Amino acid sequence: MELNQINEQCFYFKGSVNIGYIKNEEEGILIDAGLDDSAVKKVIKQLDEKGWPLTHLFITHAHADHFGGAAYLKKKKEVKISAPELESAILTFPILEPIYLQNGNYPFKELRNKFVEGKPVTVDETCTEGPYSIGSLNVTLHNVSGHSYHMLAVQVDDVLYAADSYFDEKTLVKHNIPYVVDGTETLRSLHKLLSMDVKGAVPGHGEYEESFKDTVQKNILYHQKVEEDLLKIISREKSTSLDTVIAEMCQFCGVKIDNMTSWALFRTAVCAYLKKVVEEGQVQIIFDNNYLSYRRT
Ligand SMILES: [Zn+2]
């Protein structure tokens, strides 16, 4: 976790999942807590060595790679934790993530791993979009849902901690089909980022960029391409079952599913794009011999 400075008060620890850090004289705020104890341990060590404050944690969304280290942090430091409404429910009861990933069933053992189920965290204060105070620091929270149900990006003056509202190019390509829970909201949030009046942004995965809007634009094009591929698959037959759409999309995008976690994540992502094209009237849901299926309109 290498410490990067953006300006006098804004920093971030660069890792496979970034951890933001904002400070003034007395207070220090982490934005997200990394995947596990080891990630946050490295952050605490560096801050302690510098004698910099650590008093608050803001969790942008309830994905285990962003809050897995929070329980350890709370054990080691007196931090006040804020998180978005709804996401907080999952932070309090992290089993909700494997539950929703498995369509509401009590999850299989294989789905109960640190990548999709973090350790429970007690949230001190829940929040929504708008002006917000973290200790004595005034920030603006922006709703950037789509990748998660109620993800909030944090704007500190002219710097945006964008959470997973967009990915750097490397991460986009690595994921093949980006994880989203709502295709419509994802695009809405990306367009919102394009209209933001900030100097630069740091995503959850990737680097701080002043030209982040170019990367956002690439994300929009990438999502559009995934949607086009999805429509091609659905257009081939009069009706295509959900399982066939998922399997063929993965095949087409070069994804090989061989475990429960990747099945659950890709199933959710494909369904999020399906929701978008159904809402737009491009595709219709039908029930064909008891199979939930899709048809081009
Ligand atoms: Zn995430």
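## Contact between the two domains

In this predicted model, 20 residues of domain 1 are in contact with 21 residues of domain 2. The domain assignment of the protein chain places domain 1 at residues 2-211 and domain 2 at residues 224-296. Their C-alpha centres are 29 Å apart.

## Buried area

The size of an interface is often expressed as the accessible area lost when the parts come together. Here, domain 1 and domain 2 bury about 1,700 Å² between them. Carbon and sulfur atoms account for 68% of that area. On the domain 1 side, Leu101, Asn176 and Ile177 contribute 32% of the area buried against domain 2, more than any other three residues.

## Polar and charged pairs

One salt bridge is counted between domain 1 and domain 2. Asp182 forms a salt bridge with Lys275, and the closest N and O atoms of this pair are 2.8 Å apart.

Helix H5 (96-101) and helix H7 (183-194) are the elements that give two or more residues to the side of domain 1 touching domain 2. The largest share, three residues, comes from H7.

By class, the side of domain 1 that touches domain 2 comprises eleven nonpolar, seven polar and two charged residues.

Methods:
Residues numbered from 1 in each chain as written. Predicted model: local features only at pLDDT ≥ 70, side-chain atom pairs only at ≥ 80, totals over all residues. Heavy atoms only, no water. Domains from an automatic or database assignment. Contact = heavy atoms within 4.5 Å. Buried area = accessible area lost by both parts, 1.4 Å probe. Salt bridge = Lys/Arg side-chain N within 4 Å of Asp/Glu carboxyl O. Helix = DSSP H or I, 4+ residues; strand = E, 2+ residues; numbered from the N terminus. Nonpolar A, V, L, I, M, F, W, Y, C, P; charged D, E, K, R; others polar.
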